[in-house]
Amino acid sequence: MSDKEDCYVSSSNDLVKDDDRCHHYHRILLEPQEKKNTDFKEYVVKKLKKNCCCSPAKAKNWILGFMPVLQWLPKYDLKKYLLGDIMSGLIVGILLVPQSIAYSLLAGQEPIYGLYTSFFAGIIYFLFGTSRHISVGIFGVLCLMIGEVVDREVHKAGYRMEYTAKPDIFNHINESVIIPPVNQTSGQICDKSCYAITVGTTVTFIAGVYQVAMGLFQVGFVSVYLSDALLSGFVTGTSFTILTSQAKYLLGLNIPRSSGVGSLITTWIYIFKNIHKTNLCDLITSLLCLLVLVPTKELNEHFKSKLKAPIPTELVVVVAATLASHFGKLNEKYGSSIAGHIPTGFLPPKAPDWNLIPNVAVDAIAISIIGFAITVSLSEMFAKKHGYIVKANQEMYAIGFCNIIPAFFHCFTTSAALAKTLVKESTGCQTQVSSVMTALILLLVLLVIAPLFYSLQKCVLGVITIVNLRGALRKFGDLPKMWRLSKMDTLIWFVTMLSSALISTEIGLLIGVCFSMFCVILRTQKPEAPILGHVEGSEIYESTCAYKNLQTEPGIKIFRFVAPLYYINKECFKSALYKKTISPVLVKAAQKKAAKRKLKEKMVTFSGFQDEVSMNLSSEPPELHTIVIDCSALQFLDTAGIQTLKEVRKDYADIGIQVLLAQCNPSVRSSLYRGEYCTKEEETLIFCSVHQAFCFALDLQKQKALRASNGLSTSTD
């Protein structure tokens, strides 16, 4: 690579005229920055000294960065923030009580564990989080993923279900009788509920470790592979699975929970096979709850700008349904399934089952990535809206610790949740103090109120879960707009949604990521490749297919390739270039045919279109003398791309056409020099702008014409 790079630029005094657009040039030498050749050992030592040295100031900064609460809490303005934080925290806490109980069923856990999860998540995020508005707690999609792992491991552990029918007026099948095996780690008898929360806490712990590790190694870029279209499709697809898993509670059916590939279809088959066993009491209760919850939810959204706080309809429904079930004795008379005993207080801490880690380590990968991606995207969205900054890396630590620490207190995986975050924002939330107020409401329930929900029907919890899916299912209404904006994003949404719903959540996410990456590759494999023309009286060059009244110069073609040039699209580049300009292969073939005919000295009568083309190409040289390749859209070149440019340049040089490169970015220019695209003498054929290359070609054409006319006049004399 040369020390200086040549660029031809037009003189500032030159005027662009219709008959003479480019006058003389003077050369400007661009001197590249010198790169320091730092030894790898020196680099590592320098980094270690920078990061490992300790001082009081650095220790203080590290502690404040690791626990942001120490930084912002001393500056907390009581008069300005406290009222809004108290109001939003209390309202979200009231809404969280029924949702925590409901989502516990989705995760395959007892109701008390959902309350534990919401309580601990709020406290820990208060200490480590940087977002002032998001609500961290139970999230439906993660609960579904946890529930699938729990069901699989419970089945593998040998917990089997025996159904014993007790005669009643609805011939209802009672709750399954669990035959508990001995816990392998403790040696004590552990029933199904005990083993289920053990599996849940183990998955949660591993997911949290993954998230903290991603923060330590700063690999938050993983979330960029989860586009908005992909996440939206994934959430909508899993919403169908969640709805399907809750349908049995609405009908009062006691059927096994399906998991794995095709679980949605399998569950509906089970439902229709057992539809005649529907518990009418549960069905009527479900319909009544739907008739109350859906309209009031719609009213809350319609009048959210006028209401100071949303109406806590879910809590009202839970209280009313619990009272009706208790005094109506619905469980004893009609066999209605109820929540059962919910203990008060906290259970003693318990470590996850380390023997289960190999079984659930792979499942925790998808859970950790989804939890992190949703938390960071919501944090950044609300931070941008309210004008403050969140640290994505710190958010990874925060959500990781929200999973690691609660895993020792009988909790399962958490993340930010959009619906509750919107409620916090709309009710005046100012800082993370609102999470503490929410935790206080949950603490009150855990210490005093929880046992009062003994008679609460499970069908009511199922209805609450389904009603909260409205937002995800409404994404279908956004599809026409998404289709108009980007057909590719709409296709990604559909593929991810269908695979997540019909196959499984983990495989659906993997298919969505792979298909999304395939679409990116597809866009670069067959990109736009237009011929450019210039706006008269200017130095602007644009596509002749996109804009009218653009000027072109006979003998000069300007070609733009709107993608990086690499091994996948190199053939597309060549075919598009040859199609839009002239194919050197056809020209060479025609010239060879003409040479053979001349050697044989035979007179041949040409018939047909191909012979006419060959005759024209061989008898006269092509009018095209210069091709300018606009490299402004080439982000990078690989070895195959450099070799392709070499081949193109050589092929055109063989038929008397020069190839000029224009507007290469420093990375592309560096790749060209390293790949020995041209010699030192030929470096002047790489231009800083399309207009400079165009003027160079035009000037060269005039010089050739002038020499040709001088030669003609000399021969005449």
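Colleague: What share of the contacts in the protein with a separation of 6 or more comes from residues 24 or more positions apart?

Modeller: Bear in mind that this is a predicted model. It has 717 residues, and 49% of them count as buried. The secondary structure comes to 27 helices and 12 strands. Among contacts with a separation of 6 or more, the share from residues 24 or more positions apart is 80%.

Colleague: Let's look at one helix, α9. Which residues are buried there, and do they sit on the same side or on opposite sides?

Modeller: The buried residues in α9 are Ser 263, Leu 264, Thr 267 and Ile 271. They span an arc of only 100° around the axis, so they are all on the same side of α9.

Colleague: Which helix supplies the largest share of the nonpolar patch?

Modeller: The patch lies on the surface and is formed by Ile 265, Ile 269, Phe 476, Phe 494, Leu 498 and Leu 502, with about 490 Å² of accessible area together. Two helices, α9 (263-273) and α20 (487-502), each supply at least two of its residues. The largest share is 3 residues, and it comes from α20.

Colleague: Is Phe 494 buried, partly exposed or exposed?

Modeller: Phe 494 is found in helix α20 and is a member of the nonpolar patch. Buried would need under 20% relative accessible area and exposed over 50%. At 33%, Phe 494 is therefore partly exposed.

Colleague: How many aromatic pairs are there, and what kind is the one between Trp 72 and Tyr 76?

Modeller: A search of the whole structure turns up 24 aromatic pairs. For Trp 72 and Tyr 76, the ring centres are 6.5 Å apart and the planes are at 55°, so this pair is tilted.

Colleague: And what kind of pair do Trp 268 and Phe 272 make?

Modeller: These two are 4 residues apart in helix α9, so about one helical turn separates them. Trp 268 is partly exposed at 28% relative accessible area, while Phe 272 is exposed at 58%. Their ring centres are 6.0 Å apart with planes at 35°, so the pair is tilted.

Notes
Residues are numbered from 1 along each chain as its sequence is written. This is a predicted model: local features need pLDDT of at least 70, side-chain atom pairs count only at pLDDT 80 or more; totals for chains, interfaces and linings use all residues. Side-chain values use heavy atoms; hydrogens and water are left out. Patches are made of residues with over 30% relative accessible area and no salt bridge: like charges are joined within 9 Å, nonpolar side chains (Val, Leu, Ile, Met, Phe, Trp, Tyr) within 5 Å. Accessible areas come from the Shrake-Rupley method with a 1.4 Å probe; for residues, only the protein chains shown count as cover. A salt bridge is a side-chain nitrogen of Lys or Arg within 4 Å of a carboxyl oxygen of Asp or Glu. Buried means under 20% relative accessible area, exposed over 50%, partly exposed in between (1.4 Å probe, protein chains only). The arc is that of the directions from the helix axis to the C-beta atoms. Contact means heavy atoms within 4.5 Å. Rings of Phe, Tyr and Trp (its six-membered ring) pair if their centres lie within 6.5 Å; planes under 30 degrees apart count as stacked, over 60 as edge-to-face and the rest as tilted.
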